[in-house]
Structure formats: C-alpha cells, structure tokens
Amino acid sequence: MSSKTNRRRVFVSAPDVVEIVNEALPALAPGEALVRMSACGICGSDKAGAHGEHVFFKPPYYPGHEVVGVVLELLHDATGLRVGDRVTIEPTLICGHCKPCRNGAENLCENLEFFGCGFREGGMADVFAVRADRLHRVPDGFTDRQAALIEPLATPVHAVRLVGDLRGKAVAVLGAGTIGLLTLVAARYAGARKVVSTDPLANKRQMALELGADAAVDATVEDLAGTVRGELGESADVVFDCVSHQSTLESAVKMAIKGGVVGVVGGPRRPVTLDLPVLQEYQIRLQGCATYRARDFDQAVAIISSGAFDADRLVTSTFPLTKAADAFAAISSGREAKILVLAEN
Ligand SMILES: NC(=O)c1ccc[n+]([C@@H]2O[C@H](COP(=O)([O-])OP(=O)(O)OC[C@H]3O[C@@H](n4cnc5c(N)ncnc54)[C@H](O)[C@@H]3O)[C@@H](O)[C@H]2O)c1
Ligand SMILES: [Zn+2]
Ligand SMILES: [Zn+2]
C-alpha cells in the first residue's frame with residue numbers, strides 16, 4: 001500500500017515482466033517536486049520498451065511518461081508552482097546548456113534523459129519525483145483523460161510544425177494508433193484540406209473516420225500508395241509515417257508528391273532502407289520528428305481546449321495501478337487506442 005513513507009511503482013523487470021514493487025518514497029533533490037499520480041497513459045513506446053524492442057531503452061525500467069498528477073511537495077523550486085497544482089510532465093530531461101538546448105531545440109538535447117523511459121523515475125507509481133521545471137500546469141476544467149493526452153498530442157503537434165504549412169494540403173497518415181489518430185487531429189487543426197488514414201485494423205480505421213479522416217484505407221490492400229492517392233484525389237503533399245516499418249516508409253515515399261515531405265513519427269524498431277535514387281530524383285524531404293518542445297505542449301492544450309476531439313473516445317480502457325500488467329497486455333492486443341493506468345488508494 002502507499003503510505004506517507006512508501007509507494008507502489010510499476011517496474012518492467014525483464015522483457016514482458018511487469019511487476020508492482022513497494023519502495024520508500026524518493027528523497028527530493030533541490031528543484032524537484034513530489035507528485036501524486038492521478039492517471040498515466042501507456043503508449044507505443046512503452047509497449048516496445050516492455051517487449052524489450054525499443055531501440056533507446058530496455059528493461060529493467062520504470063515506465064510512465066504521459067502523466068497527470070498533483071504536486072505534493074516542492075524542494076527549493078523556482079518555477080512558481082505550488083503544492084496542490086495539477087500538472088502534466090514534459091518528460092524530456094534536458095541539460096539546458098548544450099548547443100541544441102541553447103538554440104531552443106531542447107528536444108534534441110545532446111545529454112537528453114527521458115523520464116519514464118530508462119530513467120530512475122517514471123510516472124506509473126503512486127507518487128514520483130520529477131524536476132519541477134519539466135512540469136506544466138493543467139488548465140482548470142480539463143478532465144484527467146484530457147490532461148493525460150496533452151503529452152501524446154504534443155508529438156503530432158511538433159511533427160506538424162516540422163513539415164511546414166499544412167493549410168490546403170493533402171495529407172496521408174500511416175497508422176491509426178494514438179499517435180496516428182492525434183496526428184490526424186493536429187493536421188486537421190493546422191488546416192489540412194484532405195486527410196487519409198491507414199491501418200490494418202478495422203476498429204482503428206473506424207476511429208480515424210470518427211476523428212475526421214476523409215477516408216481510412218486498409219493498410220493491407222495490394223496497391224496501398226495507389227489506393228491512398230485515389231482517396232486523396234491526388235498525391236500527398238505530406239505523409240506522416242506513424243508506424244515506421246520498412247513497408248510503411250516505402251509506401252510513404254510512393255504516396256508523396258514530387259517535392260513532398262515524409263514525416264517519420266513512428267519509432268522504427270530496426271534500421272530501414274530507402275530507395276535513395278527516388279528520394280533524390282523526386283526531391284522528397286524525409287523529416288525525422290522527435291518528441292516536442294514546451295510550445296508544442298501549449299498548442300496541444302489549445303487544441304484540446306478547442307474541443308477538436310473527444311478525449312473520452314480516444315481512451316478506450318482504464319486499469320488500476322496494481323493491474324498495470326493487465327494494462328500492458330491489453331495495449332499489445334491491438335484493439336485499444338489509449339489505455340490509462342489510474343491511481344488507487
Ligand atoms: N516521434 C516521437 O517522438 C514519438 C513519440 C511517441 C510515440 N512514438 C512512436 O509512434 C509509434 C506509434 O505510437 P502509438 O502509441 O500510436 O502506437 P500504437 O501501437 O498504439 O499504434 C500503432 C498503430 O499502427 C498500426 N499499424 C501496424 N502496422 C501498420 C501498417 N503496416 N500500416 C499502417 N498501420 C499499421 C497498428 O494497427 C496500430 O493501430 C510508435 O512507434 C511509438 O514508439 C514516437
Ligand atoms: Zn508516449
Ligand atoms: Zn542539452
């Protein structure tokens with residue numbers, strides 16, 4: 001049980017072994033906050049991490065980076081936060097002094113550590129310690145479900161920012177998991193004229209349609225690029241690959257217009273090869289998209305505040321903290337979009 005001195009936290013001790021461990025509360029370092037978790041999402045990166053398939057972190061690790069909670073304690077903090085504030089985390093633990101950090105590209109920090117992805121603390125716990133400067137206040141009136149989607153939405157917001165002006169553009173989004181669905185939302189919000197999603201799963205395609213896709217194409221059709229072009233009525237100005245398998249990146253390049261952009265949003269699990277002569281001759285820009293910056297969190301809050309989509313529709317299941325192993329099993333089923341782990345007393 002959680003108490004004044006102890007906490008339960010989720011621990012992926014080995015590939016596909018998700019445990020609950022009972023430990024003493026962490027001692028705060030100056031500038032850190034102690035936060036009580038209310039809700040914490042599981043994402044595609046967590047799924048890969050727990051299977052031992054993520055390229056940048058492996059078990060053992062403490063998961064949880066899509067967190068909403070309440071500040072319990074602050075130690076020598078200068079951010080202006082207060083005990084009792086409702087917060088979400090920007091989990092990029094940046095150094096603040098390397099060249100990218102100095103240039104405002106802190107998501108590309110050369111000394112980056114990532115809260116909940118191989119770091120000593122993660123958000124899937126009764127309480128956790130985190131640098132207070134990585135916390136964002138959650139607007140009054142946001143439900144926990146909405147607040148837990150701020151971080152996942154910030155990734156597509158950043159990807160949309162990177163590819164350039166989407167107003168009036170034809171866009172394809174490959175993959176309709178949470179990241180693909182929110183990329184669809186962010187692209188629409190940014191003014192895309194037509195958006196076509198793909199996914200092999202019918203329930204994901206249905207969600208894409210409900211969230212505003214003009215069409216949702218079965219990713220297993222023989223001529224995927226041709227079918228997507230047909231649904232768009234033209235070639236895609238921008239393709240977001242929210243899967244990043246060998247096959248999806250190949251079809252992304254085929255769907256794109258000459259001079260188009262392919263945004264790589266999904267985390268490839270292994271190296272992928274590309275037809276470089278085509279990339280060169282068709283002048284296609286391959287744009288890596290890595291997480292987000294603080295202003296992407298602000299934009300994600302603005303999109304959620306606008307009512308652009310229904311958070312309740314995206315959160316397809318919830319599990320209490322002590323059933324985190326079941327939550328990880330469920331996320332691997334393919335049936336779910338966002339799964340939240342919720343606090344329990
Ligand atoms: N760029 C970033 O900073 C960033 C941030 C968060 C997550 N990610 C990555 O984004 C990816 C998606 O995350 P998620 O949470 O949506 O995962 P998810 O597992 O919920 O969704 C993946 C979706 O892709 C679909 N899919 C599988 N094969 C496909 C194919 N060939 N064509 C089209 N769709 C296919 C699946 O059916 C599923 O709906 C993951 O790789 C994750 O690691 C990247
Ligand atoms: Zn995530
Ligand atoms: Zn840095």
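Colleague: How many bridges join strand β10 (residues 170-174) to strand β13 (residues 236-241), and which way do they run?
Modeller: There are 4 bridges, and the two strands run parallel. Strands pair if DSSP finds at least two bridges between them. The strands (E, at least two residues) and helices (H or I, at least four) are DSSP runs, numbered from the N terminus. This is a predicted model, in which local features need pLDDT of at least 70 and side-chain atom pairs count only at pLDDT 80 or more, while totals for chains, interfaces and linings use all residues. Residues are numbered from 1 along each chain as its sequence is written, and chains are lettered from A and ligands numbered from 1 in the order in which they are written.

Colleague: What stands opposite Leu174 in β13?
Modeller: Asp241 does.

Colleague: Which helices pack on that sheet?
Modeller: Helix α6 (residues 202-210) touches β11 (194-199) and β12, and its direction makes about 165° with that of β11. Helix α8 (residues 246-255) touches β10, β13 and β14 (256-264), at about 170° to β13. Angles run from 0 to 180 degrees between N-to-C directions, with axes fitted to C-alpha atoms, for helices over the stretch in contact. Contact is C-beta atoms, placed from the backbone, within 7 Å.

Colleague: In what order do the 6 strands of the open sheet come?
Modeller: The order is β12-β11-β10-β13-β14-β15, with parallel pairing. β12 (215-218) and β15 (285-288) are the edges; each has a single partner strand, so one side of each lacks a neighbour in the sheet. From one strand to the next the twist averages 20°.

Colleague: Switching to Gly266. Where does it sit, and what is it in contact with?
Modeller: Gly266 is in the loop between β14 and α9 (276-281). Apart from neighbours within four places in sequence, Gly266 is in contact with Gly175, Asp241, Cys242, Val243 and Ser244.

Colleague: Is Gly266 buried or exposed?
Modeller: Gly266 counts as buried because it has 23 C-beta neighbours inside 10 Å. The cut-offs are 20 or more other C-beta atoms within 10 Å for buried and 12 or fewer for exposed, with partly exposed in between.

Colleague: Which residues come nearest to ligand 1?
Modeller: Gly44, Gly175, Gly177, Ala219 and Gly267, out of 31 residues around ligand 1. A residue is near if its C-beta atom, placed from the backbone, lies within 6 Å.

Colleague: What gives the most to that shell?
Modeller: α1 does, with 4 residues. α1, α5 (178-189), β11 and α8 each supply at least two.

Colleague: Now β8. What about Val130 there, buried or exposed?
Modeller: Val130 lies in strand β8 and counts as buried, with 27 C-beta neighbours inside 10 Å. In β8 (residues 127-131), 4 of the 5 residues are buried.

Colleague: How does β8 pair with β3?
Modeller: β3 (residues 32-42) and β8 pair in the antiparallel sense over 5 bridges. Val127 in β8 is the bridge partner of Arg36. The C-alpha atoms of Val130 and Ala33 are separated by 5.5 Å, although the residues are 97 apart along the chain.

Colleague: Last one: which residues of α12 (residues 324-331) are buried?
Modeller: Ala324, Ala327, Phe328 and Ile331. They lie on the same side of α12 because they cover an arc of only 95° around the axis, taken over the directions from the helix axis to the C-beta atoms. What covers them includes β1 (6-14), β2 (17-24), β3, α1 (44-50), β16 (315-320) and β17 (338-342).

Key:
Contact = placed C-beta atoms within 7 Å.
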